[in-house]
Amino acid sequence: MSWALRDGVSIYYEYDESEDGGTPVVFVQGLGYGRWMWRWQRDAVSDAFDVVAPDNRGTGRSDPGLPPLIPRLPRKLRAPLIFKAAGYSIGGLAADLEAVLEDAGIREAHIVGASMGGMIAQRYALEYTRAKTLTLCCTSHGGPDAAPVPEETQEFIFDVPKRASQRETLRHRMRPAFNDRFTNRNPHLMDRIIEWRLEQDATEPAREAQAAAVLNFDVSDRLSRLRVPTLILHGTDDRVVPAVNGRLLKEAIPDARLEYVEGGSHLFFIEDADRVNEELLAFLDDHE
């Protein structure tokens, strides 16, 4: 267990060393999600590569770093304040990641990010020097040219049924992220995921602060400067970050490789873990 400190905020991370001692692979999670979301990929790479798994600011064991009054306010008052003035930024979250790698003594790393984590990975590779490769899953370069989150999905994510319990709220918000067939066939796993989310996910104010960071993210005019080998993975049936964003990233990043997972959801790296792990390991091996 380790913590890095940036601007008075403690960022928690796990650092698991492998027998082979390969270049560390850093897994950066999506909006609100805890370290649990990468458990399938962490297991897949752990024999050959060291693994670093930070908790994004406000998630899991990391401090939220929000003004003390903000979390105490009711959502109707809190959310507008966060989105207007107190939210996080992707640049700040990338700086948190730099603090983690500095604290861990890592000079270079394979950075793997999903959704918001993919945005953090892009910003990190543009502004810091430790990224050896990038793997960008179900993410976007942001800005007006990116395909936005569909309105129907936004309603699921932000408009929760009245009097819903915490577990019911999580299930409701997660529905667009998985394929219905997968959730129907894996009820026990979905129950486990709910428990992991209750234990590790971001607090509600921090989730709103992360959402503000995503809303203001845009590196579309900077990606042509990237000179880091990049693998883009995207599910064709992503109902959160539409699949066209994968193609837009490929067009913006020099020599990037795009692999679509046919029928893949937003959380395709869970549903199609074997396929994703095969692609990821091959890419990492090619750049060791």
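Predicted model: local features only at pLDDT ≥ 70, side-chain atom pairs only at ≥ 80, totals over all residues.
I started at Ser 18, which sits in the loop joining strand S2 (9-16) to strand S3 (22-28). Strands here are DSSP E runs of at least two residues, helices are H or I runs of at least four, and both are numbered from the N terminus. Residues are numbered from 1 along each chain as its sequence is written, and side-chain values use heavy atoms, with hydrogens and water left out.

**Ser 18, continued.** Is Ser 18 buried or exposed? I get buried, because its relative accessible area is 13% (buried is under 20%, exposed over 50%, partly exposed in between, with a 1.4 Å probe and protein chains only). I then followed the side chain of Ser 18, and it reaches the backbone nitrogen of Gly 21 at 2.8 Å. Leaving out residues up to four places away in sequence, Ser 18 touches Ser 46, Asp 47, Ala 48, Phe 49 and Asp 50 (contact means heavy atoms within 4.5 Å).

**Largest pocket.** I find about 1100 Å³ of space in it. A pocket is an open set of points on a 1 Å grid over the protein atoms alone, where a 1.4 Å probe fits, with protein on both sides within 12 Å along at least five of seven lines; lining residues have an atom within 4 Å of a point. The volume is the space filled by probe spheres set on the points. I count 42 lining residues, with Leu 31, Ile 157, Phe 158, Arg 207 and Ala 211 nearest the centre. Which helix gives the largest share of this lining? That is H9, with five residues. By class, the lining has 24 nonpolar, 12 polar and six charged residues (Ala, Val, Leu, Ile, Met, Phe, Trp, Tyr, Cys and Pro are nonpolar, Asp, Glu, Lys and Arg charged, the others polar, Gly among them).

**Second largest pocket.** I have its volume at about 160 Å³. Its lining includes Arg 171, Phe 178, Asp 180 and Met 190. H7 supplies the largest share, three residues, and the classes come to four nonpolar, two polar and three charged.

Methods. Polar contact = N/O pair within 3.5 Å; in protein donor to acceptor, adjacent residues only side chain to side chain.
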